[in-house]
Amino acid sequence: MGAPSRSFAAVILAFAMPASGQWLDYKTPGIPRLKDGKPNLSAPAPKTAGNKPDLSGTWWVPHGGVEGLADPPPKYLVNLAADLTPGELPLLPWAEALSKQRAEDLGKDAPFSRCLPLPVPTIFTEPLPFKILQMPALTAILFESQGRYRQIFTDGRALPKNPQPTWLGYSVGKWEGDALVVETIGFNDQSWLDGRGHPHTDALHVTERFRRLDFGHMELRATIDDPKAYTKPWTVSIPIELVPDTELLEQVCNENEKDVGHLVGR
């Protein structure tokens, strides 16, 4: 797919802010610590009372690797397919043409530049923290970005039939070994998968596998299955890190927003 466009990255940075500390001087209870008091993020992953891995905590996807930017956003926000080699992304012809057209137009019509949500799984890659609250029958995810949330039902219910399309879809989950496997459907077709303008349709079906590797690190493997836009499913692996001793802040993207008027394309 080549290097991510710096123009797209600039669009993303127009609405993104890096994570920062809140509730200063308050130490999160239950976090293992080293002798100097710093969190021991390599300690073993915690377990629930039911002996399942506990995913609870405040997390984020660390910044990474967009050449030429002093404060780059996560590469998956710029290009969800960043780890695929050229030719590996199985775009249908119309989807490839649309992605190319959006790139040539410098992403000026990107929905997230107007504070509309990114879809699953890309919403995790905004450079803002999110909090996972794990309960026996429900795992809730609170996103600092715009106060958005997801509900992942783990009570045995099936995915809904003919759901009303939404920005973040409808999610059910189950445990397979030490991984929480989440199936999500029911998306509208209004969002972009990433800053490169990779599209999706209302047929999008996302399968996520969350594995807490140790106390401070989690892996998210997400498979994108959209037969209307791609010739076959494709998978991305996104590293997630714990953000200890902090809490979410209120974040309102539209507040004093002055950037969209300058996104004029070519």
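These are my notebook entries on what I looked up in this structure.

**Entry 1: the chain as a whole.** I am working with a predicted model. I started with the secondary structure and found three helices and nine strands. Reading along the sequence, I wrote down the pattern α-β-α-α-β-β-β-β-β-β-β-β. I then looked up burial: of the 266 residues in the chain, 45% are buried.

**Entry 2: the largest pocket.** I looked for pockets next. The largest pocket holds about 270 Å³ of space. I listed 19 residues in its lining, and the closest to the pocket centre are Thr 28, Ile 31, Ser 56, Gly 57 and Thr 58. Sorted by class, the lining of this pocket has eight nonpolar, six polar and five charged residues.

**Entry 3: the second largest pocket.** This pocket has a volume of about 230 Å³. Which residues lie nearest the centre of the second largest pocket? I noted Gln 151, Phe 153, Gly 169, Tyr 170 and Ser 171, out of 13 lining residues. Strand E4 (149–153) and strand E5 (170–176) are the elements that give two or more residues to this lining. E4 has the largest share, with four residues. By class, I wrote down seven nonpolar, four polar and two charged residues for the lining of the second largest pocket.

**Entry 4: a nonpolar patch.** On the surface I found a nonpolar patch formed by Leu 133, Met 135, Leu 142 and Tyr 149. Together these residues have about 360 Å² of accessible area.

**Entry 5: backbone angles.** Where is the cis peptide bond? It joins Val 120 and Pro 121, with omega at about 5°. Pro 121 sits in the loop between helix H3 (93–104) and E2.

I also looked up positive phi values. Asn 51 is not a glycine, yet its phi is positive, at about 70°. I found Asn 51 in the loop between helix H1 (6–15) and strand E1 (57–60). Its relative accessibility is 57%, so Asn 51 counts as exposed; the cut-off is over 50%.

Gln 146, another residue other than glycine, has a positive phi near 65°. Gln 146 lies in the loop between E3 and E4. With a relative accessible area of 26%, Gln 146 is partly exposed.

Notes: Residues numbered from 1 in each chain as written. Predicted model: local features only at pLDDT ≥ 70, side-chain atom pairs only at ≥ 80, totals over all residues. Heavy atoms only, no water. Patch = residues over 30% accessible without salt bridge, like charges linked within 9 Å, V, L, I, M, F, W, Y side chains within 5 Å. Areas by Shrake-Rupley, 256 points an atom, 1.4 Å probe, with all protein chains shown as cover. Salt bridge = Lys/Arg side-chain N within 4 Å of Asp/Glu carboxyl O. 1 Å grid on protein atoms, 1.4 Å probe; cavity = no way out; pocket = protein on both sides within 12 Å on 5 of 7 lines; lining within 4 Å. Points joined across faces, edges and corners; volume = space filled by probe spheres on them. Nonpolar A, V, L, I, M, F, W, Y, C, P; charged D, E, K, R; others polar. Buried < 20%, exposed > 50% of the residue type's maximum accessible area, 1.4 Å probe, protein only.
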